[in-house]
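Student: I am new to this structure. Please show it to me, and then we can go through it by question and answer.

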Amino acid sequence: VIMGPDVHGSELRLEKIQARAGWSGVKAVQQGRVVLVVDDLVSRHTPRLVDGLEAVARGLYPNLFP
């Protein structure tokens, strides 16, 4: 999995990553496992951090969430 903040969403997109030299051979790119997490949920120490952790868990283990 390649995971990053959504504030870089225009740069961190599957299409752009696939176009980078050599990145088409990366397993996460081949499987479409590029996940953007809402930056505000994971970069600030607030109660919403729990929501950010859930977003990370969903990105890593999508089959465990309905």
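**Charges, helices and surface**

Tutor: The mean positions of the 8 positive and 7 negative charges of the protein are 6 Å apart. Here Lys and Arg count as positive and Asp and Glu as negative, while His and the chain ends are not counted. Each charge is placed at NZ of Lys, CZ of Arg, CG of Asp or CD of Glu. The model is predicted: local features need pLDDT of at least 70, side-chain atom pairs count only at pLDDT 80 or more, and totals for chains, interfaces and linings use all residues. Residues are numbered from 1 along each chain as its sequence is written, and side-chain values use heavy atoms, with hydrogens and water left out.

Student: What pattern does the protein follow, read along the sequence?

Tutor: Helices (H or I, at least four residues) and strands (E, at least two) are DSSP runs, numbered from the N terminus. The protein has 4 helices and 2 strands. Read along the sequence, they give the pattern β-α-α-β-α-α.

Student: How many of the 66 residues, in percent, count as buried?

Tutor: Buried means under 20% relative accessible area, exposed means over 50%, and partly exposed lies in between (1.4 Å probe, protein chains only). Of the 66 residues of the protein, the share that counts as buried is 20%.

Student: How many salt bridges does the count come to?

Tutor: A salt bridge is a side-chain nitrogen of Lys or Arg within 4 Å of a carboxyl oxygen of Asp or Glu. Asp40 forms one with Arg44, the closest N and O atoms being 3.6 Å apart. The side chains of Glu54 and Arg58 also meet in a salt bridge, at 2.9 Å from N to O. By this rule the count comes to 2.

Student: Why are Glu54 and Arg58 separated by about one helical turn?

Tutor: Both residues belong to helix H4, which covers residues 49-60. Glu54 and Arg58 are about one helical turn apart because their separation in helix H4 is 4 residues.

Student: Is Arg44 buried or exposed, or in between?

Tutor: Its partner Asp40 has a relative accessible area of 33%, so Asp40 is partly exposed. Arg44 has a relative accessibility of 48%, so Arg44 counts as partly exposed.

Student: What separates the C-alpha atoms of Asp51 and Asp40?

Tutor: Asp40 is found in helix H3, residues 39-42, and Asp51 lies in helix H4. Along the chain, Asp51 and Asp40 are 11 residues apart. Their C-alpha atoms are separated by 10.0 Å.

Student: And what separates the C-alpha atoms of Asp40 and Ile17?

Tutor: Asp40 and Ile17 are 23 residues apart along the chain. The separation of their C-alpha atoms is 23 Å.

Student: Which residues make the nonpolar surface patch?

Tutor: Patches are made of residues with over 30% relative accessible area and no salt bridge; like charges are joined within 9 Å, and nonpolar side chains (Val, Leu, Ile, Met, Phe, Trp, Tyr) within 5 Å. Areas come from the Shrake-Rupley method with a 1.4 Å probe, and for residues only the protein chains shown count as cover. The patch is about 470 Å² and is made by Val1, Met3, Leu60, Tyr61 and Leu64.

Student: Where is the place of Met3?

Tutor: Met3 has a relative accessibility of 30%, so Met3 counts as partly exposed. The place of Met3 is in residues 2-5, strand E1.
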